[in-house]
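Here is a short report on a structure with more than one part to look at. Keep the 3D view open as you read.

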Amino acid sequence: MPNNVFEHDHFAHCESGVMSLLLRHHGLELSEAMVFGLSGALMFAYIPFVKLGGLPLIAYRSMPRAIIKGLRKNLGIGMKMVNFSNPSLGKKALDEVLDAHQVVGAQTSVFWLPYFPEEMRFHFNAHNLIIFGRDNNDYLISDPVFEHPMRCPSNDLQKARFVKGMMAPKGLLYYPEKIPEQLDYAKIIPKVIRKNARAMLKTPVPVAGLGAMRLLARHLGRLDKPGWLTQLRQRPQTMKISDCGVARSQRPQYPDNSRYARLFMGHIVRMQEEIGTGGAGFRFIYASFLQEAGELLGCDALLQTSQQLTLVGDQWREFALMLVKAIRIKDDRAVDFAALRRKLESIAEAEAEVYRDLLKLTRNNKIS
Amino acid sequence: MKSSKVPQHNISTYGDNKKAIYAVGTDGRYTRVCSSGWKVEEAATKQALDELTRLAILARKDVLAGKASPLYFHMYDRRMDVQTLAQATGLFKWRIQRHFQPRVFARLPEKILARYTDALGISVAQLCQLPQEEGAGAQ
């Protein structure tokens, strides 16, 4: 049975953690913050018409796999990435890779992994982990969001790798094939920072970047007013055939607006804090990256923006606290949605300031 | 956030695990700090879980009253909704909703049942009835 030597570490986020560990295993020391920053994966997205579990998509980073692909592009790392349409072939490929003493990153669902705490097991399909060995019927797993290496029975892992649905992993396996011998950070860092700041400030449609943040603020401000955006799309599911002939407006309605408002607010907090963002929806990780980059390049201005972004992160944490307090208030009229809106707008303004500074700093893709 | 201010609230949703949080140490440099959780996060996670439990309990009542098939209960019990179930089974939403009718569900062929049991991770026998205990959901 292959039992590869592998050094586990505890990180904040799954995808950046996996990449940091894989690169270290292949001889390239790169901290999680550097991995996250260099892949340019910091984002904010709010897509009201894409619903997950009846609630709109909110994300504090770009798409799953963006970190892997961003690193591949920005650092010129050769990544091997394979999907499988056939689960049994996927299992065979995994075993072969492990037998060849490789460690390998994999995308899985969270729900089917037995070592996850019961209360954390939701149907989220874009979790990342490292498989580094096999022991009888168990796979040895290094999951960077856990303190210690884990074990997972092969049936469960198989299920987790081949769930269907949104962001389905399709058994994705990946590992670095070619690592560049030298990295010219003085060239790479300003470029990725500039690109990221531009994406945040200048995305033309308000589904991503600061526009999305402001749109979310506006929607938050009118959560108490019923409308098509603020309707819970989870019930009724037992629609009878006889309902079909009835006009939409006359079907049984579930005008549970206050419940929707509460779920919506909780959803924001979950996306920001629960799903391994290192605090404040990746803002702290990115601030850590700016600090590391500033030290590496000997640039004090970057250190300053790092501090600025830390303050923005603190504001995000305050915002999360405000939301949870609002959820607890029983009387709907007592919830001050306008105050939540103002808070989010002020955060957006503070964050925009950080990105504007970063743009100024990296003019001509050089740190000036 | 200062590393000394990282919350350590021992929240239940972590189940004795710790999470890494980025925070600024006394020297002004960022470090990773192990956190046993923040109450704010716990409240949000619990809220999402409670909503699923609430839907499962309502669904159980509908099933007992003969208004819906057991599938309706098991969907929420396994923390899904119609959209997730549709994606996991590859069936259209309207078909699944039709299968919520007890009359239709009773006549489903094995092939379709297998798609449901596969997506939900339960056996056919389990799928066709309600589990004993009230609120013994999402195990």
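## The cavity

The largest cavity holds about 40 Å³ of space. This is a predicted model, and a search of the whole structure finds 1 cavity of 30 Å³ or more.

Which residues line the largest cavity? Chain A supplies Glu273(A) and Arg317(A). From chain B come Tyr14(B), Ile21(B), Ser35(B), Gly37(B), Trp38(B) and Glu41(B). Sorted by class, the lining has 3 nonpolar, 2 polar and 3 charged residues.

## Where the chains touch

Chain A and chain B also meet in a contact. Chain B puts in 56 residues and chain A puts in 59 residues. The size of an interface is often given as the accessible area lost when the parts come together. Here the two chains bury about 4,900 Å² between them. Carbon and sulfur atoms account for 53% of that area. On the side of chain B, the residues that lose the most area to chain A are Tyr22(B), Tyr30(B) and Arg79(B). Together they make up 15% of what that side buries.

## Links across the contact

How many residue pairs are in polar contact between chain B and chain A? The count is 20, with both residues at pLDDT 80 or more. Which elements of chain B give two or more residues to the side that touches chain A? Two are strands: β1 (19–24) and β2 (30–35). The others are the helices α1 (39–64), α2 (70–77), α3 (82–89) and α6 (110–120). Of these, α1(B) gives the most, with 15 residues. By class, this side of chain B divides into 28 nonpolar, 14 polar and 14 charged residues.

Salt bridges cross the contact too. There are 3 between chain B and chain A. One joins the side chains of Asp9(A) and Arg32(B), at 3.6 Å from N to O. That pair counts as a salt bridge because the cut-off is 4 Å.

## A bridge within chain A

Over all chains, the count comes to 26 salt bridges. One of them pairs Arg214(A) with Glu349(A). Their closest N and O atoms are 3.5 Å apart.

Which parts of the chain does this pair link? Arg214(A) sits in helix α7 (residues 210–221) of chain A. Glu349(A) sits in helix α11 (residues 337–361) of chain A.

Methods. Residues are numbered from 1 along each chain as its sequence is written. Chains are lettered from A and ligands numbered from 1 in the order in which they are written. This is a predicted model: local features need pLDDT of at least 70, side-chain atom pairs count only at pLDDT 80 or more; totals for chains, interfaces and linings use all residues. Side-chain values use heavy atoms; hydrogens and water are left out. Contact means heavy atoms within 4.5 Å. Buried area is the accessible area (1.4 Å probe) that two parts lose on being put together, summed over both. A polar contact is a pair of N or O atoms within 3.5 Å; within protein, one must be able to donate a hydrogen and the other to accept it, and residues adjacent in sequence count only if both atoms are side-chain atoms. Helices (H or I, at least four residues) and strands (E, at least two) are DSSP runs, numbered from the N terminus. Ala, Val, Leu, Ile, Met, Phe, Trp, Tyr, Cys and Pro count as nonpolar, Asp, Glu, Lys and Arg as charged, and the others, Gly among them, as polar. On a 1 Å grid over the protein atoms alone, a cavity is a set of points where a 1.4 Å probe fits but cannot get out, and a pocket is an open set with protein on both sides within 12 Å along at least five of seven lines; lining residues have an atom within 4 Å of a point. Grid points are joined across faces, edges and corners, and a volume is the space filled by probe spheres set on the points.
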